[in-house]
Amino acid sequence: MSLSMKGYRVISVDIPRVWNHQEWIQAFEKFLDAIDVHHIHLYGTSLGGFLAQLFAQHRPRRVKSLVLSNTFLETNSFAAAMPWAPFVGWTPSFLLKRYVLTGIRDGPHEPFIADSVDFVVAQVETLSRDDLASRLSLTVDAASVGPLLLSDSLITIMDTNDFCAIPQQLKDQVTERYPGARQAYLKSGGDFPFLSRPDEVNLHLQLHLRRVGVDARQDMVPGVPKNDAGGSSSNQNDEQGGTDDAQDDRTDCGSPRNGSGPPLVPDGPDSGNSQNQHLSNAYLSISREHLVHLMLLAVMENEQAILASKAMLHFTCEYVILDLLRTYLSSLYINLEV
């Protein structure tokens, strides 16, 4: 949300229910095609970082940069620590949840880290058995990251220096694989720094995007009107997806004032000269006066209707009273004759 409010298009993706890495690559590519995004910058933590590297390896034209956090290069060590991996698809849900939660450190945490752990534990409880089995299958499925066509200068390694479920040896392998990558270490953050240290993570992400040539776009900020001269939808999709192409020049979003007169609209393809702008302002003034006139007429009509209603009510009351009085006098006259 913080990066979105600054003018970046951020998409949070949940890992789909796939059972091997090839299915993951195909599913993620279809997802990008469905949302019409061709070039992306990937940020992945733990298993997400591993899957991001695999996608960059097999689809090098689509990935423009990587931000890797507490991740690894191969799954052999996880498969060795899980001898019942071939039967993960038939394992009951409570055993899968217990195995996943054992990887989270127990004991006292900093307040923000404790909150992030509680949030993740609550999310794990909501996952179905198939979703849990799918995530574990991706973790233990035999695979390793091969050479990337992506330059090390377009990679940022963002690790935490406190306790993490990923062994330090595996994290060191990532650092050794990309010696030219930018390193951004967090003093603390646990396994989920994007939840426990969101301000620091967003700062490093913003610095990474600026370094690889992606600037924030004011027309992407919610609530800010988009500039009509920003280009076609296809160009916007390329820029939102994170292309390193040069962006179009943009005009100032503020509305200049012409002396003491009303504010003028920014210049654009549909905006004419100053005369057209004054005509537009005059049209708005006339429309407002006409609207006020109609409202006054409606009030006057309502007042006339109220007066007519009062007169009718007064006449009805007089008629009823006179009729009752006549009936009473008639009955009184009959009684006197008797």
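**View 1. Glutamate 200 in helix H10 of the predicted model.** Glutamate 200 is found in helix H10, the helix that runs over residues 198–211, and the model in which it is shown here, as in every view that follows, is a predicted one. Leucine 186, which is 14 residues away from glutamate 200 along the chain, has its C-alpha atom 7.9 Å from the C-alpha atom of glutamate 200.

**View 2. The crossing of helices H5 and H7.** Helix H5 covers residues 93–102 and helix H7 covers residues 129–140, and their axes come within 9 Å of each other while crossing at roughly 45°. The crossing in which H5 passes H7 is left-handed. On the side of H5, the residues that take part in the contact are Ser93, Leu96, Lys97, Tyr99 and Val100, and they meet Arg129, Leu132, Ala133 and Leu136 of H7. Sorted by class, the residues of this contact between H5 and H7 comprise six nonpolar, one polar and two charged.

**View 3. The crossing of helices H2 and H3.** The axis of helix H2, which spans residues 21–34, and the axis of helix H3, which spans residues 47–58, come within 10 Å and cross at roughly 75°. Angles from 65 to 115 degrees count as roughly perpendicular, and H2 and H3 are therefore placed in that class. From H2, the residues His21, Trp24, Ile25, Phe28, Glu29 and Leu32 meet a set in H3 made up of Phe50, Leu51, Leu54, Phe55 and His58. The contact of H2 with H3 has eight nonpolar residues, together with two polar and one charged.

**View 4. The protein chain as the setting for the close-ups.** The protein chain, whose secondary structure comes to 12 helices and four strands, has 338 residues, of which 33% are buried. When contacts between residues at least 6 apart in sequence are considered, 75% of them join residues that are at least 24 apart. The accessible surface of the chain comes to about 21,000 Å², and carbon and sulfur atoms account for 59% of that surface.

Methods
Residues are numbered from 1 along each chain as its sequence is written. This is a predicted model: local features need pLDDT of at least 70, side-chain atom pairs count only at pLDDT 80 or more; totals for chains, interfaces and linings use all residues. Side-chain values use heavy atoms; hydrogens and water are left out. Axes are lines fitted to C-alpha atoms, for helices over the stretch in contact, and angles run from 0 to 180 degrees between N-to-C directions. Helices (H or I, at least four residues) and strands (E, at least two) are DSSP runs, numbered from the N terminus. A crossing is left-handed if the near helix is turned anticlockwise from the far one by less than a right angle, and right-handed if clockwise. Contact means heavy atoms within 4.5 Å. Ala, Val, Leu, Ile, Met, Phe, Trp, Tyr, Cys and Pro count as nonpolar, Asp, Glu, Lys and Arg as charged, and the others, Gly among them, as polar. Buried means under 20% relative accessible area, exposed over 50%, partly exposed in between (1.4 Å probe, protein chains only). Accessible areas come from the Shrake-Rupley method with a 1.4 Å probe; for residues, only the protein chains shown count as cover. Angles under 35 degrees count as roughly parallel, over 145 as roughly antiparallel, 65 to 115 as roughly perpendicular and the rest as oblique.
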